[in-house]
Amino acid sequence: MTSQIEAAKAYCNSLVQYSRRKTIEVKIGDVAMGGDNPIRIQSMTTIDTMDTAGSIEQTIRMIEAGCEYVRITAPSIKEAQNLEEIKKGLKLRGYTVPLVADIHFTPNAAELAARLVEKVRVNPGNYADKKRFETIDYTEASYQAELDRIRAKFIPLIKICKEYGTAMRIGTNHGSLSDRIMSRFGDSPLGMVESALEFLRICEDEQYYNIVLSMKSSNPQVMVQAYRLLVQKLDEENFKPYPLHLGVTEAGDGEDGRIKSSVGIGTLLEDGLGDTIRVSLTEEPEAEVPVAYELAKRYDKRKNHAVIPAVDHYPITPFEYNRRKTSEVLNVGGGHHVPRVIADFSAKNKITAACLFALGYHYSVPLDKWNINDVACDYIFMGDQTIDFEIPGTLGLIFNHQTWLTQKTKERSYPLLDAQQYSKGVEASSTLNFIPVSLADALNDVLIQKLKRDKTAVLIVETNNEHGMAEQRRLFVELMNKECATPVIIKRSYKNISAEQLQLYAATDMGGLLVDGLGDGIFLSTENCASDKIVNETAFTILQATRTRISKTEYISCPSCGRTLFDLQETTAKIRLRTSHLKGLKIGIMGCIVNGPGEMADADYGYVGSGPGKIILYKGKEVVRRNVPAAKAVDELIDLIRENGDWVEADETTKN
Ligand code: SF4
């Protein structure tokens, strides 16, 4: 690959025309994946695999919610064996959904499960390795010896899969890469890809191709980069185009989990990648299914979207994060300002001080001052509305140009000039002017030349194209190729959709740009979707999920499975209640010791089930308290955070 456009094209069919990547069809029982099949939806049971009746009931609930494959953990031989009973029980009730055995560490369980169910999932990070968190200096010969050892352990499973027609997912997790991969490639998207390719090469040598691949991470940026790189490497090394299973691990619950999942999964779907989706939420598995459908269904008719001009030179790096270089205009852009959030109050009847509560500004009457919380928007678009009270000192107001002209004081008030007004040179602010533009405007050289000379302009880009993310990305490409460093606010408008749809769609549409370093702010304009508070929080959660602006505590909680040793939903809620004000802290909440520590990736603190009623607490990757009784473990976690100087008291006014 020489030019950047070739590198980008190598991860998807087109950057401007929606087109699903063509993959080989993989047979998984009666429900094939890849090829021309629709994007398949799947989930995983959370109940103990040895609880046959419970597993059957939960599986049926998942099927009725629309699950097309059901994954069940098989941590040892006895659970693998019990899959047969679960399968029989389902068949007796008339259900033939393909079952997938989830395997970590136990080749013998995999070999048994592969004879009983339609698909096995192996984690290349731990199928033949135990993690010791060691850095090892490999020579070529010792590395090759490791690969030979893996080959010897893995080939028996391949042979069984071939004999029984069983499919396999080689599922890499960012948090559980082997010491071998970490030593050679580091904790990187390339390491994740190489981890899967080591296993894939063995499969292809054995002429076994019934394979699906995944590259999951709890960090959507890393996850997106890893899948893109995987596609590029598959093509480069002449592997078959295997179907991709998309997922963001340990995404958490509620709106955080939905938004984080949409940023990762949605970004890839936009570029036509992905043959099956699993949304991992710390909720009941059947709750994941409608979220996955909602993400997938947006592409049913996408290919008929309005034409977007082709790209000749692609200045964006799809495999690593680089923020687009922009000029600093007041507190926007410049590389160091966090992306700004603009709220839309232009359609309100009357704007009072109380309306600002929903946007993170709380006016205290006795103190006569504004309290500002961590999710306080930076600007409000007023349109032609006006206000008669003093606004908080950190807030700016944006008015339509005519209304702005009539404002008595211009302090912290800025005009919105359309491209025509801007080009004509009407009276404008000496510090900050917002200019809404479409892709067609950005293709106009006269406008671009004027923007390049102007140190007060910030663009607001919007789109009506059904393939909106690609159209907006095309606009960024134009600006970058013309060396125009004007900051850009990404605007999206939504009407008559539910609050959950808003979260999923906006996270996909805006997240897909932010993960590539594009955008100096976001502007969500909604009509009949959700309350002002939800819209504002959605904007901040999208920025948090893309790791471009951290405004709250991050919870990396596993979705739970048959290995889970405590009630994850209840515990996550308890921990959240006590710690949600610890902005920027990452807390891992993992159901089991087998996978938990590896999978909580870059968490600052970890709460991990180690046995029935017992918890291990981590500071980073280090175990600091063992055998803590579950009843006391949340208190001990708080003590630990205090001891390490990461605790702050919650401000009563900003508690949520
Ligand atoms: S970390 Fe959670 S989801 Fe992963 S294996 Fe353990 S209990 Fe299951």
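Predicted model: local features only at pLDDT ≥ 70, side-chain atom pairs only at ≥ 80, totals over all residues.
Helix α17 gives the most, with three residues.

## The largest cavity

The model has four cavities of 30 Å³ or more, and the largest holds about 300 Å³ of space. There are 24 residues lining it, with M44, E250, P559, N595 and E599 the closest to its centre. Two elements give two or more residues to this lining: β5 (167–173) and α19 (596–599).

As for class, the lining of the largest cavity has nine charged residues, nine polar ones and six nonpolar ones.

## Strand β5 and its partners

Strand β5 turned up in the lining of the largest cavity, and here is how it sits among its neighbours. Seven of its seven residues are buried, so β5 is largely enclosed by the rest of the structure. Look at it face by face: A167, R169, G171 and N173 lie on one side, M168, I170 and T172 on the other, and all are buried.

β5 pairs with two strands. With β4 (residues 119–122), the pairing is parallel and runs over four bridges; there, K119 has A167 of β5 as its bridge partner. With β6 (residues 211–216), the pairing is again parallel, over six bridges, and I170 is partnered by L213 in β6.

Is β14 (residues 379–383) mostly covered or mostly open? Mostly covered: five of its five residues are buried. On one side you'll find Y379, F381 and G383, on the other I380 and M382, and both faces are covered.

Strand β11 (residues 340–344) pairs with β14 in the parallel sense over three bridges. β14 also pairs in the parallel sense with β15 (residues 396–400), over four bridges.

## Aromatic rings and nearby charges

The structure holds 13 aromatic pairs. One of them joins Y138 and Y143 edge-to-face, with 5.3 Å centre to centre and 85 degrees between the planes. That angle counts as edge-to-face because it is over the 60 degree cut-off. Both tyrosines fall under the 20% relative accessible area that marks a buried residue: Y138 is at 18%, and Y143 is at 6%.

The charged end of R184 sits over the ring of Y143, 3.9 Å from its centre. Another case of this kind is K491, which lies over the face of F523 at 4.7 Å from the ring centre. Elsewhere, Y361, Y363, W370 and F389 form one aromatic cluster.

Technical notes. Residues numbered from 1 in each chain as written. Heavy atoms only, no water. Phe/Tyr/Trp six-rings, centres within 6.5 Å; stacked < 30°, edge-to-face > 60°. Buried < 20%, exposed > 50% of the residue type's maximum accessible area, 1.4 Å probe, protein only. Lys NZ or Arg CZ within 6 Å of the ring centre and 35° of its normal. 1 Å grid on protein atoms, 1.4 Å probe; cavity = no way out; pocket = protein on both sides within 12 Å on 5 of 7 lines; lining within 4 Å. Points joined across faces, edges and corners; volume = space filled by probe spheres on them. Nonpolar A, V, L, I, M, F, W, Y, C, P; charged D, E, K, R; others polar. Pairing = 2+ DSSP bridges.
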